[in-house]
Each structure stands twice: as structure tokens, then as C-alpha cells.
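Here is a short briefing for a first look. Keep the sequence and the 3D view at hand.

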Amino acid sequence: MSRIAVFGAGYVGLVTGACFADLGHDVVVRDVLPEKVEALRAGRVPIHEPGLSDVIERVGERLRFTLDVSEALEGADFAFVAVGTPPTHSGDPDLSAVWTVVDELPDGMDTTLVMKSTVPPGTGEKVRRALDLRGLADVAYVSNPEFLAEGTAIHDFMHPDRVVVGAFEPEHAERVAPLYETLETTIVRTDVASAEMIKLASNAFLSTRVSFINEIASVCELVGADVVDVAAGIGLDHRLGPHFLKAGLGFGGSCFPKDVSALKQLAGNSGYHFQLLSAVIEVNELQRRRVIQKLQKHLGDLHDKEIAVLGLAFKPGTDDLREAPSLVIAARLLAEGADVRAWDPVADARSLLPEVTFSSTVLDAVRDADAAVVVTEWPEVAALATQEAYAAMRRPIVVDGRNVLDPEAMRTLGFVYEGVGRPVPVEVER
Ligand SMILES: NC(=O)c1ccc[n+]([C@@H]2O[C@H](COP(=O)([O-])OP(=O)(O)OC[C@H]3O[C@@H](n4cnc5c(N)ncnc54)[C@H](O)[C@@H]3O)[C@@H](O)[C@H]2O)c1
């Protein structure tokens with residue numbers, strides 16, 4: 001078993017640390033935020049990630065938390081970097097936290113440095129050069145990008161589709177690959193730049209599928225086709241597969257928007273105009289705004305209209321609000337003069353949306369509302385498909401941005417219902 005240091009106690013760092021400890025390794029996670037480390041030491045998990053608290057509890061003393069770099073690295077065979085790489089104003093990722101970790105490595109260290117943070121191709125090369133210049137030639141550098149998805153992160157870590165290990169020297173890859181040998185998976189051994197590119201290209205491809213099906217949905221609305229059936233029919237083609245063909249409000253979260261933009265900018269910085277990704281980003285931005293047009297179609301001017309926004313997290317199973325479509329939709333509604341009330345079972349958006357009123361249940365949120373918009377497909381949204389919800393609303397208008405409700409059942413209940421890319425019958429207002 002190995003001694004592993006993990007830098008960053010966020011979604012990736014905590015899951016990585018907890019799962020490696022669960023696999024039997026001795027792990028110390030280091031973060032720079034005292035309140036985060038204190039909470040973790042006291043047994044409080046600062047993020048909502050299903051199953052994470054159970055694993056942390058189960059592994060006990062095999063997983064410890066610190067603010068101190070030397071404590072994290074003491075006796076460590078591996079130093080995993082899992083710090084954030086958020087977007088900058090230019091669309092390139094901000095790698096300052098990665099560089100801080102590299103700069104803080106102590107002189108004389110010979111631990112293997114493993115990059116789990118998503119970084120653009122070329123970063124490993126720069127880190128390698130910086131390590132050599134600092135006299136840290138004995139530090140092996142390995143790129144090991146993470147593919148977990150929030151909401152299913154523990155499962156994804158333990159059952160990965162593949163593990164990518166990119167190294168400058170093949171023997172360095174052979175140090176990291178055994179950490180995953182008990183998992184049933186394929187290990188992709190490659191060079192560092194290719195490993196870095198696999199991560200960005202994967203997220204860009206998934207985002208492209210989302211924007212593609214959203215454009216198909218927009219055409220479906222014009223020609224009377226149903227995108228849910230269309231996607232099911234497309235997805236049965238083994239060359240295409242069924243995943244990421246859900247029409248909706250587009251992709252959000254801390255990864256897809258940032259990584260698509262990072263790849264587009266990286267291409268541009270390298271002299272190539274990545275046209276497809278520009279379209280993917282534009283389609284995604286417009287997709288959120290189409291909700292407003294649908295509401296206006298039914299309500300006219302949105303000024304002083306009461307609109308319920310159901311779901312705030314960028315997807316169910318997480319409290320992550322980074323790049324959440326809900327924030328754009330709420331901001332657009334407020335800009336149109338609407339009164340917005342919002343509901344989410346775990347995400348706390350009070351500081352991000354100070355002008356919004358927050359409700360503790362779906363029913364409270366829709367009471368006396370002129371319309372409800374389903375933004376995140378939490379299971380609780382099913383409460384909308386009831387006689388009680390119909391009776392509670394001032395106008396029974398539902399825009400289902402995730403196609404989670406049954407259009408037939410909603411219309412039978414009396415709702416004016418619109419999904420994304422689904423046929424809309426001639427409207428009957430009450
Ligand atoms: N969140 C995901 O679903 C996901 C999935 C795959 C890959 N990634 C990538 O993994 C990386 C981390 O993402 P995240 O969502 O876990 O980020 P996060 O923002 O949740 O967590 C990052 C943590 O790093 C800490 N940190 C900053 N500087 C540090 C330092 N010098 N030493 C130690 N800790 C430091 C921060 O305080 C924070 O707690 C990013 O590059 C992201 O693109 C994220």
C-alpha cells in the first residue's frame with residue numbers, strides 16, 4: 001500500500017483521497033482553506049456528493065486532512081494535484097493554484113507528482129521544465145486526468161470507463177498504473193500531452209453531443225417532431241450510443257463550459273480556429289435563453305409575473321452551482337422584471353441570487369405562480385405533476401427545461417405544458 005498526498009479538498013480531491021483510502025492506501029489531503037480542513041477533521045463533509053460521507057467515515061484514520069504541505073508530503077510516494085483550474089476572462093484556465101502546488105514542493109523531494117486537475121496540453125511539459133530548473137529532476141511527473149461526474153463521483157472513481165496515465169518516461173507510468181490495478185478498467189498509457197488532450201477532447205465531445213441534440217430539438221419544435229423519440233432512435237445506432245443525447249437547457253457545471261472554452265482557446269493560441277467549438281458554446285448559451293421566449297409566448301410581458309425556478313444546481317445529485325443554467329435563467333427573468341422564487345433541495349444560491357425568494361418545497365415555490373420552469377431534474381420535481389400543484393398555481397404554465405414530466409399526464413391535469421423539442425398542441429388556457 002502507498003502513502004498518498006492529495007492537494008485540494010474539492011469534489012475531485014476529496015473523492016480521490018477517500019477512494020484511495022478505501023482501496024487501502026494511507027492518504028493525507030491538503031487544502032488551503034482553514035474552515036474546510038477544520039470541518040473535514042470534525043467529520044463534516046463540505047460538499048454534497050452521494051456516498052462520500054460514508055466512505056470518509058469508513059476509512060477512518062487512513063484519510064487525514066491538513067493545511068500543512070510538509071505534513072501532507074511526509075513519507076508520500078505520490079502527490080496528487082486536484083486543485084481547481086477555473087476559467088479566466090480570456091477563456092483559458094487559471095493554473096495559478098497548480099503552480100502554487102509546484103512552487104511549494106520542498107527541495108530534495110523525490111515523490112511522484114500526479115496531475116489530476118484538468119490542464120491544457122503543454123502544461124505537463126512546463127511543469128517538467130520548472131521542476132528540472134528547481135533541481136527536482138528526481139520528481140517523476142505523470143498526467144492522470146479525472147473523468148468522474150459530480151453526483152456519481154464515488155461510483156465513477158471505483159468503476160472508471162478508463163484510467164489515463166500519461167508520462168514522459170514509461171517507468172513513471174508504471175508507478176501510477178498499479179494504484180488502479182484492483183479496479184476493473186482499461187488503463188490507457190500514453191505521453192503527457194496526449195493524456196492532457198484526452199481529457200479536454202472528451203469533455204468537448206460530450207458538450208458537442210449536448211449542443212447537437214439541442215439544435216435538433218429546436219428544429220423538432222418547428223416541424224412537429226419529438227426530440228425524445230428522435231434521441232432514442234438515434235441512440236440505438238451502435239456507432240452513436242444513447243448517452244448525452246438529452247435535449248434540455250444545455251450543459252453547465254465546473255467542467256464542460258470551462259474545458260470546451262479551454263480547448264477552443266488553446267487551439268486559437270496555437271494558430272487554429274476551432275469553429276465547431278465556437279458553435280457548441282453559442283448553442284449552449286442560447287439554449288438557456290429560449291426558456292424566456294417560451295414564457296413570453298404564454299405570459300406576454302414578464303414584468304411583475306411570479307415565476308418559480310425549480311432546481312438550481314447544475315444537475316441533480318450535487319450542490320454545485322458553477323455555470324448552472326439556473327443562474328442565467330433567474331438573471332434573465334429578473335432583467336425582464338419578473339419576481340422569481342426558487343427551490344433546490346441542496347444548492348444554496350442565496351448569495352448568488354440576492355433578489356430571488358427561496359422556497360423549501362416545490363409546492364411552496366409554485367403557489368400563486370404564473371409559471372414554473374423545471375431547471376434541474378431533481379426527483380422532487382414530480383410533485384408538479386399533481387392536482388395539488390395545478391390548484392396551487394395562479395396560471396398552470398409549466399416549461400419543462402429537462403423533459404422530465406410526462407406531457408400527456410401534465411395536459412390531462414390541465415397544465416399548459418412545454419418541454420424542449422416536443423410537439424405543442426393548440427393551447428387551452430384556463
Ligand atoms: N468537479 C468535477 O466534476 C471534476 C471532474 C473531473 C475533473 N475535474 C477537474 O479537477 C480539478 C479540481 O476540480 P474540483 O471541482 O475538485 O475543484 P474545487 O474547486 O471543488 O476544489 C479545489 C480545491 O483546491 C483547493 N486549493 C487551492 N489551492 C490549493 C493549494 N495550493 N493546495 C491545496 N489545495 C488548494 C481549494 O481550496 C479547493 O478546496 C479541476 O481542474 C477540474 O477541472 C473536476
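Which residue just after H1 takes a positive phi? Gly-24 does, with a phi of about 110°. Keep in mind that this is a predicted model.

**Helix H1**
- H1 runs over residues 11-22 and has twelve residues.
- From first C-alpha to last, H1 reaches 16 Å, close to the 16 Å expected at 1.5 Å a residue.
- Ten of its twelve residues are buried, so H1 is largely enclosed by the rest of the structure.
- Among the buried residues of H1 are Tyr-11, Leu-14, Val-15, Cys-19 and Phe-20.

**The ligand site**
- The ligand is surrounded by 28 residues.
- The closest of them are Asp-31, Lys-36, Thr-85, Glu-150 and Lys-258.
- Arg-30 has a polar side-chain atom 3.1 Å from a nitrogen atom of the ligand.
- In the side chain of Thr-85, an N or O atom is 2.6 Å from an oxygen atom of the ligand.
- Lys-258 also has a side-chain N or O atom 2.6 Å from an oxygen atom of the ligand.
- On its own the ligand has 840 Å² of accessible area, and the protein covers 90% of that.
- H1 and helix H5 (96-104) are the elements that give two or more residues to the shell around the ligand.
- H5 gives the most, with three residues.

**A surface patch**
- Val-219, Leu-222 and Val-223 form a nonpolar patch on the surface.
- Together they have about 340 Å² of accessible area.
- Val-219 sits in helix H9 (residues 192-223).
- Val-219 is partly exposed, with a relative accessible area of 46%.

Notes. Residues numbered from 1 in each chain as written. Predicted model: local features only at pLDDT ≥ 70, side-chain atom pairs only at ≥ 80, totals over all residues. Heavy atoms only, no water. Helix = DSSP H or I, 4+ residues; strand = E, 2+ residues; numbered from the N terminus. Expected span 1.5 Å × (residues − 1). Buried < 20%, exposed > 50% of the residue type's maximum accessible area, 1.4 Å probe, protein only. Patch = residues over 30% accessible without salt bridge, like charges linked within 9 Å, V, L, I, M, F, W, Y side chains within 5 Å. Areas by Shrake-Rupley, 256 points an atom, 1.4 Å probe, with all protein chains shown as cover. Salt bridge = Lys/Arg side-chain N within 4 Å of Asp/Glu carboxyl O. Near = heavy atom within 4 Å. Polar contact = N/O pair within 3.5 Å; in protein donor to acceptor, adjacent residues only side chain to side chain.
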